Amino acid sequence: MADRNLLRELPAVHEILEGLAPALKRFPRELVVGEIRRALDDARSRIQTGQPNGASIESRVEQALARLERASLRRVINATGVVLHTNLGRAPLGPIAVLPGYSNLEYDLQTGRRGKRDVHAGVLLERLLGAPAIAVNNNAAAIYLALNELALGGEIVVSRGELIEIGDGFRIPDIMQRAGAILREVGTTNRTHIDDYRAAINDRTRLLLRVHPSNFRILGFTSRPQLDELVSLGRERGVPVYEDLGSGCVVDLQHHGIDEPLVTDSLRAGADLVSFSGDKLLGGPQAGILAGKPELVTRLRRNPMFRALRLDKMIYQALEMTLRALLLERWDAIPALAMIRQTAEQVRSRAEALLERHSIRAELVPGQSVIGGGATPEQSIATCLIAIPCDDLMAAEERLRAADPPVIARIENGRLLFDLRTVFAEEEPELAAALLSLAPR
């Protein structure tokens, strides 16, 4: 009975609208009415299920409209020390002034005729890699396009130890099936030999696939053929060799503690086709790059799915800027590479200066940064961490996420830690303000 009375007491839509109208003039009437109805439906549901009513209908409507008005995609300060943080957009981008108005996306300014959007990245990719290349919207799309074009209805030979799963449930066997190819597994999880590939090749074989295990490591009693062995076998039997490299490393980072195969090494070893991500160690926006033999790249570009998977003009702009910086060896213009190249001493100097400049009480402790983003597992970079004393770690971490801009830190060994390796210099004053809200002065 009480529930029915509460339901009867709920105001009508027009009553709430009249009360809110003066304060919500900036919103379209239909939008306000829709949010009022949502709030009323929620209130009825709460009453019927015996839940506490919470805020007033008017307050709920105002909060809902404020959320709709505020951008959902926001800049955050990444103080975790994970350079390619998958949840934070992987490779961080530098300042990009998006071209306003129209652009020559598919217009050849020299001839005055229709052009191809590939040219904005294609020329730079070919100079950088020494082979023609195209770009699609991510590396999963690149793999799909390659398998669909080169192995549709045929078999792909791949080692069992390379049938990987990456983030969000993406599995190599599943993408093969969707691409219309037939999986031919060879070897075992830990050991595969060149003779396993040789024995599996038949008149239905279309590709020899090699997948770089960029997000995991199998250690111990392991082996797999070298790429040049696969290339020799492929040439002997007339079967193309395709290597998915995942991370897309085009700069030698061994001096900085990162051991990852270079795309150019695979191409020089004779791989007919390689694919890799644009937003991992390449340091650019989300994209999937396919590079290799001219005749194969031409086939991929002519595949009808290429149009469905192609890049948007804003991504092309970001990719072009990244590729040009790589080609000209302007490493500091690529934030991910600039972060990786910082030494632990440089990070420590920045941390000391930050604490002194803002009179922040904290401890500096040695630690490790990681690349992340499904790249370079089991590898890390020495760094210096800021440890802030606080009574309630979880509450402090939650408060940081609610800041403007949000600050993402890490909790480790019972301490709240901040790694300046992944914090831009211009973000340091904002980070300092967040730290001051936690640390006693």
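**Entry 1: overall make-up**

I started with secondary structure and counted 17 helices and 17 strands in the protein. I took helices (H or I, at least four residues) and strands (E, at least two) as DSSP runs, numbered from the N terminus. The model is predicted, so I kept local features to pLDDT of at least 70 and side-chain atom pairs to pLDDT 80 or more, while totals for chains, interfaces and linings use all residues. Residues are numbered from 1 along each chain as its sequence is written, and side-chain values use heavy atoms, with hydrogens and water left out.

Next I looked up the extent. The C-alpha atoms fill a box of roughly 80 × 55 × 55 Å along the principal axes. Of the 441 residues, 48% are buried.

I then checked the contacts, meaning heavy atoms within 4.5 Å. Among contacts with a separation of 6 or more, 74% join residues 24 or more positions apart.

The protein exposes about 22,700 Å². Carbon and sulfur atoms supply 49% of that area. The areas come from the Shrake-Rupley method with a 1.4 Å probe; for residues, only the protein chains shown count as cover.

For charge, I found 55 positive and 57 negative side chains. The centres of the two sets lie 4 Å apart. Lys and Arg count as positive, Asp and Glu as negative; His and the chain ends are not counted. I placed each charge at NZ of Lys, CZ of Arg, CG of Asp or CD of Glu.

**Entry 2: the seven-stranded sheet**

I traced an open sheet of 7 strands in the order β4-β12-β11-β10-β9-β5-β8. Its pairing is mixed. Two strands pair if DSSP finds at least two bridges between them. The edges are β4 (133–136) and β8 (182–186); each has a single partner strand, so one side of each is left without a neighbour in the sheet. The twist averages 25° from one strand to the next. Here axes are lines fitted to C-alpha atoms, for helices over the stretch in contact, and angles run from 0 to 180 degrees between N-to-C directions.

Inside the sheet I picked β9 (residues 205–211) and β10 (residues 241–246). They run parallel, joined by 4 bridges. L209 has Y242 of β10 as its bridge partner.

I also looked at V211 in β9. V211 is buried, at 1% relative accessible area. Leaving out residues up to four places away in sequence, V211 touches E162, I164, R224 and D244. D244 is 33 residues from V211 in sequence, yet their C-alpha atoms are 4.9 Å apart.

**Entry 3: helix α5**

I moved to α5 (residues 119–129), the helix that holds G122. The buried residues in α5 are H120, A121, G122, L124, L125, L128 and L129. An α-helix has 3.6 residues a turn, so residues three or four places apart point the same way. The cover over the buried residues of α5 includes β4, α10 (263–268), β11 (273–277), β12 (288–292) and α13 (313–327).

G122 counts as buried because its relative accessibility is 15%. After α5 comes G130, with a positive phi near 75°.

**Entry 4: the β16–β17 hairpin**

β16 (residues 410–412) and β17 run antiparallel, joined by 3 bridges. I411 has L416 of β17 as its bridge partner. The hairpin has 2 residues between the strands, and N413 takes a positive phi near 55°. β17 (residues 415–419) is mostly covered, with 4 of its 5 residues buried.

**Entry 5: backbone exceptions**

Most residues other than glycine have a negative phi, and most peptide bonds are trans. I listed some exceptions.

R90 is not a glycine, yet its phi is positive, about 55°. R90 lies in the loop between β1 (77–78) and β2 (107–108). At 23% relative accessibility, R90 is partly exposed.

S359 has a positive phi near 50°. I located S359 in the loop between α15 (344–357) and β13 (363–372). S359 is partly exposed too, at 45% relative accessibility.

Which peptide bond is cis? The one from D404 to P405, with omega near 0°. P405 sits in the loop between α16 (393–401) and β15 (407–408).

Definitions and conventions
Buried < 20%, exposed > 50% of the residue type's maximum accessible area, 1.4 Å probe, protein only.
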